[in-house]
Amino acid sequence: MEIAAQDILINRDETKVTAYKLPDPLLGVDGKKVTDPQQWTQQQRGAMLKLFADNVYGRMPAKPGNMAFKITSVDSFALGGTAIRKQVTIFFTNTASAASMDLLIYLPKSAKEPVPVFIGLNFYGNQTINADSGIRLSTRWVMNDDQIGITKNMATDASRGKDAGKWAVEEIIKRGYGLVTAYYGDLEPDHPDGWKTGIRTTMKTELSINENEWGAIGAWAWGLSRLMDYLEKDKAIDGKKVVITGHSRLGKACLWAAANDERFAIVVSNNSGEGGAALSKRWFGETIEKINTSFPHWFAPAFKQYNKHPEKLPIDQHILLALMAPRPLYVASAADDWWADPKGEFLSAKNAEPVYALFGKKGLGVTDMPPVDHPVGETIRYHIRTGKHDFTLYDWQQYLDFADKSFGRSSKHQ
Ligand code: GTR
């Protein structure tokens, strides 16, 4: 019997958190401990990734052999003449009914060489991330939202720039980085029946996968890797310097994409919470049962077996974070975002440290959560920002600084 979402016990009292045990990321299936980076890279990494595929997100299909990219518009005087705006459609196959994804790209006009870029999916269509009237309006199904100006699940001009607060495009350009985004609904509309019109159905033959072998998060993550396929071909972009990010449910997709695809050079999780950076076995905020009930389409069906038994999960999200090693990883929380369990996100980052240590990389450098607005850490970095569940200018500034440091750049005064 399905349990109504309101009957699921949710805890937001730190003193009530029950005892839990985290699996050791370095414990091999043969019972032996992994002690060097080669063992991690050649055996353990794959074994851990498979546990996430089998138990949480489902299988990740390979890249189709016949993708096509079409540049649909270029404007060299975008954003007041500071940026080049490019729009590109990725066709996942070359058949007539090809599923596709529309990219919106901003690159700094001043660039003298291929630029590093931030990439991430957006919630309501490319036109919502900036008021730039040249952005193509999404024609796909979109979630209704009064604040964004979307009714009847269709985007109109009323939605232009309405989610711009989450996308610090001008700041990114000013710092010499590009931004690449796509609407997540191009891959799968975010509702329980979305799989019927998304790539889990339309691409099932080409990708040799049934819809129940993965979930919507898997489909979104797969799309991020296809976006990366395009970036590697664009000469204006430095494909070795791609920072992948995402907020909330799209932070979950970002982490799953980066765990599978090591071409992403830096990984940034913004308020990704349950099924993202937060520990699942820690009873605080959203739970496995709650997320699988509210969003039955997000994860692979196999994840539901843990609804009442998170303790039986053979992995936890610190191991997902460890799969980013040795790449720079930033995990961020917000103080008023108890639903995403900031402490569970911090502890997850903390418990990924032993894998980074194998590579001689330093993690957070602290044992307790830092005060608000005080980022900590080296190759694994963490902050808890003042305020609510959101992706703010403060967050972007920390990520830009982190990217500068990791790439050995200095972009602050460009
Ligand atoms: C919430 C969900 C979270 C998070 C969030 C979002 O309703 O419970 O896991 O994904 O949505 O994506 O904004």
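Here is a short chat about the sheet and the ligand site of this predicted model.

Residues are numbered from 1 along each chain as its sequence is written. Local features need pLDDT of at least 70, side-chain atom pairs count only at pLDDT 80 or more, totals for chains, interfaces and linings use all residues, and side-chain values use heavy atoms, with hydrogens and water left out.

Me: Why do strand 4 and strand 6 count as a pair?
Reply: Two strands pair if DSSP finds at least two bridges between them. Four bridges join strand 4 (residues 115-122) to strand 6 (residues 237-247), so these parallel strands pass. Strands here are DSSP runs (E, at least two residues), numbered from the N terminus. Phenylalanine 118 stands opposite valine 243 in strand 6.

Me: What makes strand 1 and strand 9 edge strands?
Reply: Strand 1 (68-78) and strand 9 (376-377) each pair on one side only. The open, mixed sheet has the order 1-2-3-5-4-6-7-8-10-9.

Me: Which residues surround the ligand?
Reply: Among them are Glu286, Trp298 and His389; each has a heavy atom within 4 Å of the ligand. By class, the shell has four nonpolar, two polar and three charged residues, where Asp, Glu, Lys and Arg count as charged.
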